[in-house]
Amino acid sequence: MKGTVLAGSNNLFTLECEDGIERNCTIKGKVLKASKDFYNPLAPGDVVEFDPDELDNKKGQILDLVDRKNTFLRWNVKGRCPQLLASNLDFLVLVTTPDCPPFRPRFIDRALAQAEHQGITPVIVCNKYDLAEEMQKEGDPLFEDIERRLSIWEDLGYKVLRISAKTGEGMTDFAEFLENKTCAFVGQSGVGKSSLVNVLDDTCVLKTGSLSKKYGRGAHTTTKGTLLRLQLNETLTGGIKGKVASIVDTPGIRRFVLDDVEPCDVAFYFREIAPYIGKCEFGMSCRHDTEPGCAVKEALENGDITEERFDSWDRIRYELETGKWAD
């Protein structure tokens with residue numbers, strides 16, 4: 001029989017099974033060959049083959065992993081191996097905020113690069129956008145900085161949604177986008193991933209946390225990734241019942257480090273930089289630093305590549321070369 005992984009860790013996973021029963025299953029032999037090099041052997045969204053327990057129909061043993069359509073992962077610095085966050089996605093939803101916690105565009109740039117590498121279409125969601133509107137009213141210059149970064153991503157062809165779980169702004173459009181899709185919510189702690197889920201489906205009550213007063217960071221209220229089958233709130237669907245979405249609610253990530261990307265290849269996962277790679281005077285050997293005839297630096301000077309994104313690319317390359325990871 002086949003089942004879809006809803007949640008789990010170590011060697012115990014909850015499966016949504018073909019016969020409609022949820023089972024707690026262990027991996028036969030405790031190791032799946034296809035996942036032996038990963039921090040975690042399975043992720044929410046994985047499809048597996050398993051045998052039901054003959055004595056307890058709510059249990060079983062996982063035998064094998066069905067080939068994945070895709071995976072989204074990061075390099076786990078502490079474990080020194082790749083960590084699976086979600087599998088078999090239609091879209092990746094990268095959640096950020098203008099404040100509380102502070103806006104972190106470089107986190108999004110890292111996750112965008114990993115999504116490009118994995119071949120998953122990312123969507124950027126700026127939650128708590130009501131805070132940005134307050135900044136605008138108060139004349140806070142940070143508002144212009146935030147809008148510039150959001151506009152840069154839009155100009156590169158990324159879908160950007162400005163929404164608020166608190167006020168409901170943009171939530172109808174967000175629900176419409178998610179309908180009948182499987183998406184993973186990825187972002188730093190405190191950006192409101194669980195709050196978004198609670199608004200999308202008011203029967204699904206996930207624990208939400210407060211921010212650290214000292215650091216403005218969120219605590220880890222979601223401790224492990226979970227695939228949720230949402231019944232979308234009728235107030236967001238024009239009163240139509242039965243509309244659904246599948247969401248992997250991932251734990252908050254403080255530091256996102258790219259996996260399986262060489263420093264020299266990072267530029268290929270920046271949409272605006274990739275077309276210039278190999279066109280420099282020094283060809284593929286150019287580091288796009290001080291070399292003459294650099295096509296990338298020329299594009300930067302001409303405004304075809306923004307300073308912000310060039311700086312993000314350069315920082316990621318430096319981190320991968322040195323192993324010195326920034327927050």
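This tour moves through a predicted model, one selection at a time.

**The whole chain.** Begin by colouring the protein by pLDDT. The average is 93, and 94% of the residues score at least 70. Next, select residues 210-220, where pLDDT stays under 50. For this stretch the model has 20 contacts beyond four places in sequence. Where pLDDT is low, the predicted coordinates should not be read in detail.

**The cavity.** Rolling a probe the size of a water molecule over the atoms shows where empty space is left. How many cavities of 30 Å³ or more does a search of the whole structure find? The search finds 1, and the volume of the largest cavity is about 50 Å³. To locate the largest cavity, select its lining: Val95, Thr96, Thr97, Pro101, Pro102, Arg104, Phe107, Ile108, Gly187, Gln188 and Val191. Of these lining residues, 6 are nonpolar, 4 are polar and 1 is charged.

**A cis peptide bond.** Keep Pro101 selected; this residue of the cavity lining lies in the loop between β8 and α1. The peptide bond joining Cys100 and Pro101 is cis, with an omega of about 5°. Most residues other than glycine have a negative phi, and most peptide bonds are trans.

**Helix α4.** Now select residues 171-178, which form helix α4. Which residues of this helix are buried? They are Met171, Phe174, Ala175, Phe177 and Leu178. These residues lie on the same side of α4, because they cover an arc of only 160° around the axis. Show their surroundings next: the buried residues of α4 pack against the strands β8, β9 (122-126), β10 (159-162), β11 (182-186) and β13 (244-249), and against helix α5 (193-200).

Select Lys128, in the loop between β9 and α2 (129-138). Lys128 is not a glycine, yet its phi is positive, near 60°. The last stop is His288, in the loop between β13 and α6 (295-302). His288 likewise is not a glycine and has a positive phi, of about 60°. Is His288 buried or exposed? His288 counts as buried because its relative accessibility is 7%, and buried means under 20%.

Methods: Residues numbered from 1 in each chain as written. Predicted model: local features only at pLDDT ≥ 70, side-chain atom pairs only at ≥ 80, totals over all residues. Heavy atoms only, no water. 1 Å grid on protein atoms, 1.4 Å probe; cavity = no way out; pocket = protein on both sides within 12 Å on 5 of 7 lines; lining within 4 Å. Points joined across faces, edges and corners; volume = space filled by probe spheres on them. Nonpolar A, V, L, I, M, F, W, Y, C, P; charged D, E, K, R; others polar. Buried < 20%, exposed > 50% of the residue type's maximum accessible area, 1.4 Å probe, protein only. Helix = DSSP H or I, 4+ residues; strand = E, 2+ residues; numbered from the N terminus. Arc of directions from axis to C-beta. Contact = heavy atoms within 4.5 Å. pLDDT = per-residue confidence, 0-100.
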